[in-house]
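Thanks for coming. I will go through pockets and salt bridges in one structure, which goes up on the screen now.

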Amino acid sequence: MAANIISGNEVAKTIRAELKEEVAKMKTGGVTPGLVVILVGEDAASQVYVRKKGEACEELGILSETVRRPVDTAEAEVLALIDKYNADPRFDGILVQLPLPKQISEEKVLMRIDPSKDVDGFHPVNVGKMVVGSDAYLPCTPAGIQELLVRSGNDPKGKHVVILGRSNIVGKPIANILVQKAPGADATVTVCHSRTKDLPALSRQADILIAAMGVPKFVKADMVKDGVVIIDVGVNRIDDPSTKSGTRLVGDVDFEAVKEKASAITPVPGGVGPMTITMLMRNTIRAAKVHHDWKG
Ligand SMILES: NC(=O)c1ccc[n+]([C@@H]2O[C@H](COP(=O)([O-])OP(=O)(O)OC[C@H]3O[C@@H](n4cnc5c(N)ncnc54)[C@H](OP(=O)(O)O)[C@@H]3O)[C@@H](O)[C@H]2O)c1
């Protein structure tokens, strides 16, 4: 039996339509959410992400500004920019695009953002709130994974979720989110990484498998059980002479082989990817509600 495809494009479209309506309502009440994105350097992937963030803001009616600085910008200048936007009431969210050039400390930059404007959910205050299950801005990719599960009818409650990868931006936060005693969570969670012994023995126990390693097609059919739900977070570019560009994107899961065993699976691209920016929009709108005490 071939798996249902969980379309991140479709789910993201539905959420964006909901958010657009919310922003329109807020605007008639005199509140316009605002997001500033700071991009230091010329990293090609970052340029694309930043452009897409601007486009998403425009689509939803969110005020957006992109601040670009050259690759040799001093750390002090970036910190001063953050101070400026922390104090600017037009902007509810501040996002500093990562990775940063090596002369700039990522930690110092993230710490400098006012936690109430930290729409990426990376400030330790928000990370701490997420861990204790209090109201926080959830990091965007993990929040998107949770939405995908719930909205595709695969509620993690009571399920064994196995996560492959323990990064601070995907593996650790999604583990923390899904283990909470809360709606859309209540899972039993196992986290695997490069030091895990016999990883396939654990992945085969998964009711829901979340692959976030950055290793192309790592998960094979014999590493999952029948009926598993798979969320493939990986985005890897591999050679493919049959395409015009000579490359294509694949996930961390061997999609063609595994889709015959899974009950549901996300594609790459078009799975988790579109959800990430959508969750950034949701966090920005939420920040505006907090800043303007919006009850509407
Ligand atoms: N769609 C999206 O919006 C989105 C967002 C973020 C990331 N991603 C993608 O998701 C993937 C993961 O990103 P990331 O930032 O979390 O990666 P990362 O920081 O490189 O972390 C990778 C994790 O996978 C583990 N790992 C790597 N190779 C392994 C192996 N052979 N066996 C077991 N564990 C292994 C590592 O273990 P150790 O900790 O032991 O080294 C690490 O915990 C990438 O492809 C990235 O492009 C997509």
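**Pockets and salt bridges**

The second largest pocket has a volume of about 450 Å³. A pocket here is found on a 1 Å grid over the protein atoms alone, as an open set of points where a 1.4 Å probe fits, with protein on both sides within 12 Å along at least five of seven lines. Lining residues have an atom within 4 Å of a point. Points are joined across faces, edges and corners, and the volume is the space filled by probe spheres set on them.

Before going on, the conventions: this is a predicted model, where local features need pLDDT of at least 70, side-chain atom pairs count only at pLDDT 80 or more, and totals for chains, interfaces and linings use all residues. Residues are numbered from 1 along each chain as its sequence is written, and side-chain values use heavy atoms, with hydrogens and water left out.

Back to that second pocket. It is lined by 20 residues, and Leu138, Gln146, Ile177, Pro183 and Arg282 are the ones nearest its centre. Two or more residues come from each of H6 and H10; helices are DSSP runs of H or I, at least four residues, numbered from the N terminus. H6 has the largest share of this lining, five residues.

The largest pocket has a volume of about 1,300 Å³. Its lining has 48 residues, and nearest the centre lie Tyr49, Thr141, Val235, Gly273 and Thr276. H2 gives the most to this lining, seven residues.

Now salt bridges, defined as a side-chain nitrogen of Lys or Arg within 4 Å of a carboxyl oxygen of Asp or Glu. The whole structure has 17 of them.

Which residue does lysine 289 pair with? Its partner is glutamate 22, with the closest N and O atoms 2.2 Å apart. Lysine 289 is in helix H10 (residues 273-291) and glutamate 22 in helix H1 (residues 8-28), so the bridge ties together parts 267 residues apart in sequence. Lysine 289 is partly exposed at 25% relative accessibility, and glutamate 22 is partly exposed at 26%. The classes are buried under 20% relative accessible area, exposed over 50%, and partly exposed in between, with a 1.4 Å probe and protein chains only.

Another bridge joins glutamate 260 and lysine 259, at 3.5 Å from N to O. Glutamate 260 is partly exposed at 43%, whereas lysine 259 counts as buried at 18%.
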